[in-house]
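Please read the following report alongside the sequence and the model.

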Amino acid sequence: MTWVLVVAGFAALIMLHEGGHFVVAKLTGMRVERFFLFFPPKLFSIKRGETEYGVGMIPLGGFVKITGMNPEELEPRDPSEGPREAGVLERIESVNQEAGPGVSRPGEPLPSELLERAYYNQPVWKRIAVIAAGPVVNIVLAFILLLLVYLSLPVPRGIEVDKVQADTPAANVLRPGDRILAVDGARATMPDVSKIEDVNRRIDVADDKFTHITHLIRRHHCAGGRSPGCLSETPVTVVVDRNGQRRTLHLHTYYDGSNHRYRLGVEFKAVGSQTADQSPAEAAKLAADKMWFVTSRTLSVIGRIFEPAQRKQISGVVGGSQALNQAIGFNIHEAIFVLAVISLSLGLINLFPFLPLDGGHIFWSLVEKIRGRRVPFSVIERASAVGFLLVIMLFVIGLTNDIGRLTS
């Protein structure tokens with residue numbers, strides 16, 4: 001069932017992105033030939049007015065086909081010349097199949113009745129508005145989703161033992177379901193967040209508590225240095241609530257050589273819930289801060305893509321699907337948060353100034369505005385090779401990383 005929700009989530013992001021292009025194109029008077037979810041071959045479609053709406057068989061995106069997105073389609077040709085050969089970019093973006101009467105075809109000039117509403121016959125500002133609408137919808141959607149998350153963000157009330165690893169100091173001492181009350185004298189339960197005025201401390205209270213408890217446990221070291229499996233010189237004092245009874249337990253940590261840290265051999269989980277209610281202004285600030293964090297991290301990783309450590313952080317559709325699937329299994333807030341991050345990333349990546357991304361169209365429209373005349377499509381096609389290479393490289397790296405994470 002969760003994978004159905006994952007597919008529905010991705011489909012919604014794609015439809016909203018393409019819907020942004022579609023609505024602004026219609027509002028600015030352009031002619032939209034096709035509005036498709038997913039890529040051809042065509043699964044089914046229906047025509048309403050001048051636009052064909054449909055679903056493709058390859059679930060890797062979607063597209064809106066606007067008449068006249070190649071400037072060479074608008075130029076009259078010498079009748080003695082043969083038909084122009086369609087370029088690679090034109091074929092990819094047109095995605096024409098079973099084109100009917102009055103629909104533009106790759107390599108052929110537009111019929112005269114379509115020229116007035118053709119994309120490249122519109123002012124630069126209209127073209128930029130149409131192309132920017134898709135990424136803007138994704139970015140605005142990300143903000144709205146994060147705002148909803150932060151308006152009613154749940155915060156745990158306590159920490160509980162989730163799993164106990166065999167053959168570790170915690171085995172036969174701690175049990176799943178033990179409620180952690182204190183570690184080395186430090187309280188392990190969460191405070192009442194309604195009494196915390198600072199919004200950042202309010203929503204980070206659980207993370208801060210987990211970090212503090214972890215630090216207290218890992219400060220217990222072996223006397224003779226870090227040798228795999230050695231036990232700490234001093235024990236960790238853990239107070240738990242077990243079936244309503246308070247128990248004080250003493251456990252030694254051991255040094256885990258594979259993970260290079262001291263451990264008890266137990267996994268904790270958050271339990272209980274209290275709502276960290278934020279005002280709309282506080283929630284908006286938190287959403288904006290998180291969007292800036294994701295944006296800066298995305299630009300940093302892409303800008304340093306040739307560094308192995310940064311390259312490993314890139315994820316693709318498979319990784320995004322896996323993350324969303326897991327988040328749906330946790331709770332609705334996790335799912336909305338992950339969907340917001342995916343939507344924001346989709347908007348950001350599409351604004352990169354390389355064709356066939358939306359940012360590439362915006363870039364060449366700005367170049368035309370600055371130079372005062374159209375850029376020859378042959379020049380755009382040659383320059384777009386860089387964009388194709390980048391998109392393919394990102395796809396391959398993301399897919400490779402995703403497969404590595406799923407199989408490791």
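Where does Asn172 lie? Asn172 sits in the loop between β4 (158-164) and β5 (179-183).

## Basis of the model

This is a predicted model, in which local features need pLDDT of at least 70, side-chain atom pairs count only at pLDDT 80 or more, and totals for chains, interfaces and linings use all residues. Residues are numbered from 1 along each chain as its sequence is written, and side-chain values use heavy atoms, with hydrogens and water left out.

## Overall make-up

The secondary structure of the protein chain comes to 12 helices and 12 strands. These are DSSP runs numbered from the N terminus: helices are H or I with at least four residues, strands are E with at least two. The protein chain has 408 residues, and 44% of them count as buried. Buried means under 20% relative accessible area, exposed means over 50%, and partly exposed lies in between (1.4 Å probe, protein chains only).

Contact here means heavy atoms within 4.5 Å.

Asn172 has a phi near 65°, a positive value in a residue other than glycine. Asn172 is exposed, with a relative accessible area of 82%.

His260 also is not a glycine, and its phi is positive at about 55°. The loop between β9 (254-256) and β10 (261-263) holds His260. His260 counts as exposed, at 57% relative accessibility.

## The disulfide

How many disulfides does the structure hold? The structure holds 1 disulfide, a term for a pair of cysteine sulfur atoms within 2.5 Å. Its partners are Cys222 and Cys230, with sulfur atoms 1.9 Å apart. The link of Cys222 and Cys230 is right-handed, with 95° about the S-S bond. Cys222 is buried, and so is Cys230.

Arg179 belongs to strand β5. Arg179 is partly exposed, with a relative accessible area of 29%. Arg179 and Asp241 are 62 residues apart in sequence, yet 4.9 Å apart in space, C-alpha to C-alpha. Leaving aside neighbours within four places in sequence, Arg179 is in contact with Arg157, Gly158, Ile159, Glu160, Val239, Val240, Asp241 and Val271.

Gly272 is found in the loop between β11 (266-271) and β12 (274-277). At 52% relative accessibility, Gly272 counts as exposed. With neighbours within four places in sequence left aside, Gly272 is in contact with Val155, Pro156 and Arg157. Gly272 and Met190 are 82 residues apart in sequence and 9.9 Å apart in space, C-alpha to C-alpha.

## Helix α4 against α10

Helix α4 (residues 124-151) packs with helix α10 (residues 332-350) at an angle of about 155°, their axes 8 Å apart. That makes α4 roughly antiparallel to α10. Axes are lines fitted to C-alpha atoms, for helices over the stretch in contact, and angles run from 0 to 180 degrees between N-to-C directions. Angles under 35 degrees count as roughly parallel, over 145 as roughly antiparallel, 65 to 115 as roughly perpendicular and the rest as oblique.

The crossing of α4 past α10 is left-handed: the near helix is turned anticlockwise from the far one by less than a right angle, whereas clockwise would be right-handed. The contact includes Leu141, Leu145 and Val149 of α4, and Phe337, Leu344 and Gly347 of α10. Its residues divide into 14 nonpolar, 5 polar and no charged. Ala, Val, Leu, Ile, Met, Phe, Trp, Tyr, Cys and Pro count as nonpolar, Asp, Glu, Lys and Arg as charged, and the others, Gly among them, as polar.

## Helix α4 against α11

α4 and helix α11 (residues 358-371) pack at about 165°, with axes 9 Å apart. That makes α4 roughly antiparallel to α11. α4 passes α11 in a left-handed crossing. Val124, Arg127, Ile128, Ile131, Ala132 and Pro135 of α4 meet Asp358, His361, Ile362, Ser365, Leu366, Glu368 and Lys369 of α11. The residues of this contact divide into 7 nonpolar, 2 polar and 4 charged.

## Ala284 in α7

Ala284 is in helix α7 (residues 280-303). Ala284 counts as partly exposed, at 25% relative accessibility. Ala284 touches Phe143 and Leu147, not counting residues up to four places away in sequence. Ala284 and Ile144 are 140 residues apart in sequence and 8.7 Å apart in space, C-alpha to C-alpha.
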